[in-house]
Amino acid sequence: MAAGPTGVLDSRAWEMVSPVEKNGGEVAPLGGGALAAAAGGGALAFASEASFGQAEGAPPLSQYVATRGAAGWSTVNVTPPLLAGTYSAESGDADPYLAFSADLSRALLSSGWACRGASPCAEENTPLGPGGPAGYRNLYLHEGSTYTPLITNGNFGGHLPPDPSELSLAFLEASPDLSCVVFEANGTFYEWREGDATIPPLAGGCSGAGGFTPPGAIAVLGSNAGESVVFYTKADGIYRWQGGTETKIVADANLSHLPPATGPSAVAANGNRLFFTAGDSLAPTADSNGQPDAYEWEAQGTGSCTAGPGCLGLLSSGRTGSASFAAASASGDDAYFLTTVSLLPADPSGLDVYDARASGGIPEPAPGIECEGDDCQGPPFVPQEPAPPTAVISGPENPPLRFPGPKAKVCPKGKHRVKRHGKRICVKKKGKHRK
């Protein structure tokens with residue numbers, strides 16, 4: 001059975017998403033770079049301060065996309081080499097990637113600022129794609145090998161300051177497919193839409209969410225599409241709102257133990273699963289480490305839950321170290337978390353990202369036989385000598401073989417053999433009589 005948390009729901013098993021070899025680095029903590037799960041599952045975007053894989057260069061944070069295959073997870077570095085050296089952690093410009101589309105096929109990123117706060121600027125930013133004004137920071141839509149600038153001389157020329165260093169630029173929100181992006185430039189909010197030749201000031205926005213907050217809620221944790229189901233915290237725990245009915249699903253009077261104080265949370269598309277980080281044990285029989293851990297709640301009738309109104313289970317270990325929930329797929333079958341604990345034998349150490357996958361688990365590779373050089377070739381091959389040919393002699397055929405019968409018994413001199421009573425015996429010869 002694949003390794004997984006104690007008292008796990010949905011037969012979840014741990015799969016290590018980040019690669020074993022990370023060039024001496026580790027996965028960036030929450031808030032470092034873009035961390036996003038593919039809605040369809042089996043893929044995750046994450047960042048690292050280390051440059052590993054096939055990267056040619058990287059800023060303080062490199063962006064990676066990991067995908068799941070039959071043999072396990074594989075990782076690709078998607079950071080453009082031109083971004084190397086244009087970001088500075090000291091100036092707060094360490095995160096080039098800002099958002100990913102729901103299927104992770106597209107990404108939104110910001111080009112760096114080569115001057116790093118110096119004035120006057122000795123070098124200009126190199127545009128990542130055609131059409132972007134040289135020297136200015138910009139937002140780009142990255143898809144495959146194409147970088148489409150959101151700000152061009154044609155759609156934004158009249159709004160650009162004469163000195164590139166005077167342009168302030170900040171990303172605000174985007175639609176799930178990144179066809180709509182809202183950003184702020186020099187104090188004005190703009191809305192970019194794919195295929196539109198202009199960038200007007202903010203109109204309706206991209207998210208489309210109504211922002212419904214149930215009465216008495218302290219913090220909204222998340223909702224499904226259309227906000228038919230909303231999860232939120234109150235002073236005594238976590239609640240679920242559906243169809244005007246409020247249900248307490250997790251009881252805890254200490255709000256510091258609950259999200260959002262402990263990190264991000266996520267809701268499955270059907271509203272029947274909630275993922276979050278708890279600062280203390282919410283399941284004492286399974287969670288005994290006294291440190292933050294990643295949790296899942298699911299409604300009765302979902303997955304393996306049969307109890308009402310729902311079930312609470314761990315995603316992370318709960319026995320040693322700490323963990324933080326990171327992201328989940330739309331169905332919730334893939335639930336990702338960060339931890340420094342080596343949960344699988346292949347994990348050497350450091351901060352890694354794991355998938356607590358429903359009915360998951362990838363078999364460990366069979367141990368191989370270590371060898372070097374000629375030792376790997378096996379014993380030398382020695383050809384067998386051919387059998388000698390049979391000799392052939394010409395001439396007459398051999399006579400048939402004859403086997404002698406039993407040798408007749410010979411009587412001593414002066415005696416001869418006679419038959420008496422069925423037996424042959426030797427008797428003394430009698431003399432001849434004359435007539």
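**Exercise 1.** Find which residue forms a salt bridge with Arg12, and state whether the two partners are buried or exposed.

*Solution.* Arg12 forms a salt bridge (a side-chain nitrogen of Lys or Arg within 4 Å of a carboxyl oxygen of Asp or Glu) with Glu296, and the closest N and O atoms are 2.9 Å apart. Strands here are DSSP runs (E, at least two residues), numbered from the N terminus. Finally, both Arg12 and Glu296 are buried, where buried means under 20% relative accessible area, exposed over 50%, and partly exposed in between (1.4 Å probe, protein chains only).

This is a predicted model, in which local features need pLDDT of at least 70 and side-chain atom pairs count only at pLDDT 80 or more, whereas totals for chains, interfaces and linings use all residues. Residues are numbered from 1 along each chain as its sequence is written, and side-chain values use heavy atoms, with hydrogens and water left out.

**Exercise 2.** Determine where the partners Glu298 and Arg273 lie, and which network they belong to.

*Solution.* Begin with the contact itself, a salt bridge between the two side chains at 3.2 Å, N to O. Glu298 lies in strand β19 and Arg273 in strand β18 (residues 273-278), so the pair ties together parts that are 25 residues apart in sequence. Glu298 and Arg273 are both buried.

How values were computed. Helices (H or I, at least four residues) and strands (E, at least two) are DSSP runs, numbered from the N terminus.
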